[in-house]
Amino acid sequence: KLGPAEISTQTFLDPSGNEIEIPLNTALDFSFPKTVIVRYHDIEEKWTISISRSDKSVATGEADAWVNVAWLHGNGEEGANNGFEYKPADSSEWKVVAAENVNDDDGELTARLSGLKSNTTYVYRAYSGSDYGEEVSFTTSEPVTLPGGSFDEWHQVDKVWNPWAINGTPIWDTGNKGATTMGDSNTQPTDDTWNGKGKAARLESKFIGLGSIGKFAAGNLFIGEYIRTEGTNGVLDFGKPFTARPTKLKGHYKYSTAPISYVSSGYEHLKEKPDTCAIYIALTDWKEPLEIRTKPSDLSVFNKNDPGVIAYAEFYSGETVTEYKSFELTLDYRDTSRVPTYLVLVCSASKFGDFFVGGPGALLYVDDYSLIMHGVFYINKPPQRYHHHLARRKQTYVLTGRTDTISNDNRRII
């Protein structure tokens, strides 16, 4: 693949520049460079690919460097003793990456190197038998904090509580501004915190209105911005710009469930069942925030399987927890090379509040969120990478490529 696995398409160009379809597993003549159009999401790239002969049986690829962990890539001879060595750039002593952290897929090598120092330059190389690939350097990044994660800063405008300081930079917001057209804000600050200091966020699901006139509203908090109110419905933007790659979200919560008494079409089976709180985090490479619309006839909600989602973790619970409890959500990264552009984080006292489903009185407290930058685990599949087999035998060919026109970002074949 010359793009993200499973979502990319590739089309060759003939000498006249016309797109042609070539069946998979077709042998190609690379006596001359070939041009390929690669498409994924709304991105289109034009690659020029050439192949040259190499006497080496090993090649070192690029590294995906995070804060305290890096993913190493390379190729070795199939069936040989393959792996990686690394060292700080200012050191002369090479260290071998532990074999249990190296994945050798018929000579295609990937390794997870953890325990690294932040903002530090390292050098690494692949090896195959007694041969070594070229030395490649990478620099780890700085750790970042979660903006507004303490939930200590709030201010009130009319009936709406805003989760940021007056004249501060808004990071968090609430979708309940539409609900305040018929009642009080159901997302508010509270002195009931996990450690007795500062503030926490109190999210309560309510029926907002008088008599039968009104609507169920889930207590919620999210990273993004409330855009406008349409009747009693809201239009929101999910996500704020963010380029770091944390591995975990930590925080504290407590929750009181309530019987679900408000249901919409398709959710009737949930009536009278305990409501469920929801906390989820996503890193995406969207070009802009995701517009959320709660109007049933024009509904648009977040989808964790969106191809723009790079990493995701979620927590749901329908159990009452009367004392604060800590939690850790480990992000499942679907690709180690894609760099996030947006962070999405959502908390709700009612899991299906987007669909106006839930129980009045469901109450979620959240406090002191933080991001962890070290260690990562994959679920069901190894990290994805733009890859080609470079070295399989002593007599091998090395594939190289460049992009002539790119609509978004620059990527190299490794």
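Leaving aside neighbours within four places in sequence, which residues is Lys 254 in contact with? In this predicted model, local features require pLDDT of at least 70 and side-chain atom pairs count only at pLDDT 80 or more, whereas totals for chains, interfaces and linings use all residues. Residues are numbered from 1 along each chain as its sequence is written, and side-chain values use heavy atoms, with hydrogens and water left out.

Contact being defined as heavy atoms within 4.5 Å, Lys 254 touches Asp 192, Val 321, Thr 322, Glu 323, Tyr 324, Leu 363, Leu 364 and Tyr 365 once its neighbours within four places in sequence are set aside. Lys 254 belongs to strand β25 (residues 248–256), strands being DSSP runs of E with at least two residues, numbered from the N terminus. The residue is buried at 13% relative accessibility, where buried denotes under 20% relative accessible area (1.4 Å probe, protein chains only). Its side chain forms a polar contact of 2.7 Å with the side chain of Asp 192; such a contact is a pair of N or O atoms within 3.5 Å and, within protein, one must be able to donate a hydrogen and the other to accept it, while residues adjacent in sequence count only if both atoms are side-chain atoms.

Asn 233, located in strand β23 (residues 233–238), is likewise buried, with a relative accessible area of 9%. The side chain of Asn 233 is joined to that of Lys 215 by a polar contact of 2.8 Å, and, residues up to four places away in sequence not being counted, Asn 233 also touches residues including Tyr 226, Arg 228 and Phe 356.

Note on methods:
Helices (H or I, at least four residues) and strands (E, at least two) are DSSP runs, numbered from the N terminus. Buried means under 20% relative accessible area, exposed over 50%, partly exposed in between (1.4 Å probe, protein chains only).
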